Amino acid sequence: AAGAGLGGKGPSSPLKGPSSTVPQGLIDEFLERVKYVRMAPVGPDDTAGELSLAGVVDAIAAHEQEHGDASGRNRLFYLALPSELYPPLANAIHREGRSPTGWTRLVLEKP
């Protein structure tokens with residue numbers, strides 16, 4: 001997770017704009033359900049990744065509580081970090097951040 005920080009809207013959406021063929025109401029509804037959280041920088045050891053992930057997991061729980069029908073739905077983690085940090089962070093997400101009922105996906109940005 002990366003972006004504008006807890007409570008931030010993240011980067012501007014490529015979905016908004018007059019050229020979109022998707023009705024603006026559907027775009028707005030989708031964007032209301034997306035949570036974009038910037039994770040603290042992590043170190044190469046597993047513990048550092050897990051500690052940073054705790055804030056992200058807390059943000060997910062708060063978001064799911066705010067949107068009652070979102071609880072346990074799908075989760076996507078976008079990771080833009082050095083490749084040596086992929087394994088410890090993926091393991092931490094596997095242990096603490098997976099969706100209890102939906103799918104969980106990791107997107108790894110190539111450095």
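Student: Which residues make the nonpolar surface patch of about 360 Å²?

Tutor: That patch is made by Leu76, Tyr78, Trp103 and Val107; patch residues have over 30% relative accessible area and no salt bridge, with nonpolar side chains joined within 5 Å. Here a salt bridge is a side-chain nitrogen of Lys or Arg within 4 Å of a carboxyl oxygen of Asp or Glu, and areas come from the Shrake-Rupley method with a 1.4 Å probe. The model is predicted, with local features needing pLDDT of at least 70, side-chain atom pairs counting only at 80 or more, and totals for chains, interfaces and linings using all residues. Residues are numbered from 1 along each chain, and side-chain values use heavy atoms, leaving out hydrogens and water.

Student: Is Leu76 buried or exposed?

Tutor: Leu76 is exposed, because its relative accessible area is 53% and exposed means over 50%, whereas buried means under 20% and partly exposed is in between. Leu76 lies in strand S1, residues 75–79, strands being DSSP runs of E with at least two residues and helices runs of H or I with at least four.

Student: How do S1 and S2 pair?

Tutor: S1 and strand S2 (residues 104–108) pair in the parallel sense over five bridges, where pairing needs at least two DSSP bridges. Tyr78 has Val107 in S2 as its bridge partner.

Student: Switching topic, what order do the elements run in?

Tutor: From the N terminus on, they run α-α-β-α-β, with three helices and two strands in the protein.

Methods
Patch = residues over 30% accessible without salt bridge, like charges linked within 9 Å, V, L, I, M, F, W, Y side chains within 5 Å. Buried < 20%, exposed > 50% of the residue type's maximum accessible area, 1.4 Å probe, protein only.
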